[in-house]
Amino acid sequence: MSNIAIRVATPADLDRITEIYADAVAHGTASYELEPPSRVEMGNRFDTLAAGGFPYLVAQKNGIVLGYAYAGPFRPRPAYRFVIEDSVYVAPEAKGQGVGSLLMQALIETARAAGFRQIIAVIGDGHADSASVRLHEKLGFRHSGRLEGSGYKHGRWLDTVFMQLSLNGGAELPPDPESLPERRFRGLKGN
């Protein structure tokens with residue numbers, strides 16, 4: 001884990017991000033996509049998140065991106081504006097080295113600083129011993145639901161697990177009018 005730097009992702013990282021995600025789509029069950037998206041599509045997704053001010057981070061060691069994590073809107077309706085959904089992907093050669101944990105810790109802190117109230121993890125193939133479930137549990141996420149047989153990939157049915165982490169007082173406090181989600185909402189309304 002030493003010498004791994006976490007930083008904000010840039011467009012220059014997108015070739016490597018696309019490569020990491022393509023491996024996850026082709027060989028894993030965390031994503032329910034069946035075909036890896038193109039570099040252009042990954043760029044469009046990146047641009048959309050960046051334009052919304054959402055966090056997008058990479059883990060890098062010796063100049064090589066080992067993984068990435070980002071958060072985006074959980075749902076499009078405005079009442080959901082304080083809730084984000086996280087995603088984290090690690091290159092095959094870097095799995096088991098703590099890269100995902102470092103990325104998620106930084107993502108949580110970035111989301112906290114922006115004023116979000118809930119992070120939702122939507123985990124494909126969310127069996128109890130999956131690396132993603134264990135990672136989210138370790139970081140304080142609690143189980144909040146399961147959709148049985150919700151995905152079919154690699155010749156088998158997969159369950160989707162929902163996990164949730166409250167931030168900044170969660171639902172116990174009123175929204176912060178200076179938080180990113182609230183400022184963005186006011187901007188959309190023209191205020």
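Predicted model: local features only at pLDDT ≥ 70, side-chain atom pairs only at ≥ 80, totals over all residues.
Residues are numbered from 1 along each chain as its sequence is written, and side-chain values use heavy atoms, with hydrogens and water left out.

Arg81 is also among the residues that lie nearest the centre of the second largest pocket, together with Pro73, Pro76, Arg184 and Leu188. This pocket holds about 260 Å³ of space and has a lining of 16 residues. Pockets were defined on a 1 Å grid over the protein atoms alone: a pocket is an open set of points with protein on both sides within 12 Å along at least five of seven lines, a cavity is a set of points where a 1.4 Å probe fits but cannot get out, and lining residues have an atom within 4 Å of a point. Grid points are joined across faces, edges and corners, and a volume is the space filled by probe spheres set on the points. Two or more lining residues of the second largest pocket come from each of β4 and α5 (180–188), and α5 gives the most, with 4 residues. Helices (H or I, at least four residues) and strands (E, at least two) are DSSP runs, numbered from the N terminus. By class, this lining has 11 nonpolar, 1 polar and 4 charged residues; Ala, Val, Leu, Ile, Met, Phe, Trp, Tyr, Cys and Pro count as nonpolar, Asp, Glu, Lys and Arg as charged, and the others, Gly among them, as polar.

The largest pocket has a volume of about 1200 Å³. Its lining consists of 49 residues, and Ala30, Ser87, Val88, Tyr89 and Ser132 lie nearest the centre. At least two lining residues are supplied by each of α1 (14–27), α2, β3 (64–73), β4 (83–90), α3, β5 and α4 (131–138). The lining divides into 22 nonpolar, 18 polar and 9 charged residues.

Strand β4 contributes to the linings of the largest pocket and the second largest pocket. Of its 8 residues, 7 are buried, where buried means under 20% relative accessible area, exposed over 50%, and partly exposed in between (1.4 Å probe, protein chains only). β4 runs antiparallel to β3, to which 7 bridges join it; strands are paired if DSSP finds at least two bridges between them. Within this pairing, Val88 of β4 is the bridge partner of Ala69. β4 also pairs with β5, in the parallel sense and over 4 bridges, and Val83 stands opposite Gln118 in β5.

A search of the whole structure finds 9 aromatic pairs. Rings of Phe, Tyr and Trp (its six-membered ring) pair if their centres lie within 6.5 Å; planes under 30 degrees apart count as stacked, over 60 as edge-to-face and the rest as tilted. Phe54 and Phe116 form a stacked pair, with 6.0 Å centre to centre and 20 degrees between the planes. Phe54 lies in the loop between α2 (39–51) and β2 (56–61) and Phe116 in the loop between α3 (99–114) and β5 (118–124), so the pair ties together parts that are 62 residues apart in sequence. Phe54 is buried at 13% relative accessible area, and Phe116 is buried at 0%. Ring pairs also link Tyr21, Phe46, Tyr56, Tyr68, Tyr70 and Tyr89 into a cluster.

Several other loop residues were examined. Asn62, in the loop between β2 and β3, has a positive phi of about 50 degrees although it is not a glycine. Asn62 is exposed, with a relative accessible area of 70%. Asp125, in the loop between β5 and α4, likewise has a positive phi, near 50 degrees, but Asp125 is buried, at 10%. Tyr32, in the loop between α1 and α2, is partly exposed at 31% relative accessibility. Pro92, in the loop between β4 and α3, is partly exposed at 44%. The C-alpha atoms of Pro92 and Gly170 are separated by 34 Å, and these residues are 78 residues apart along the chain.
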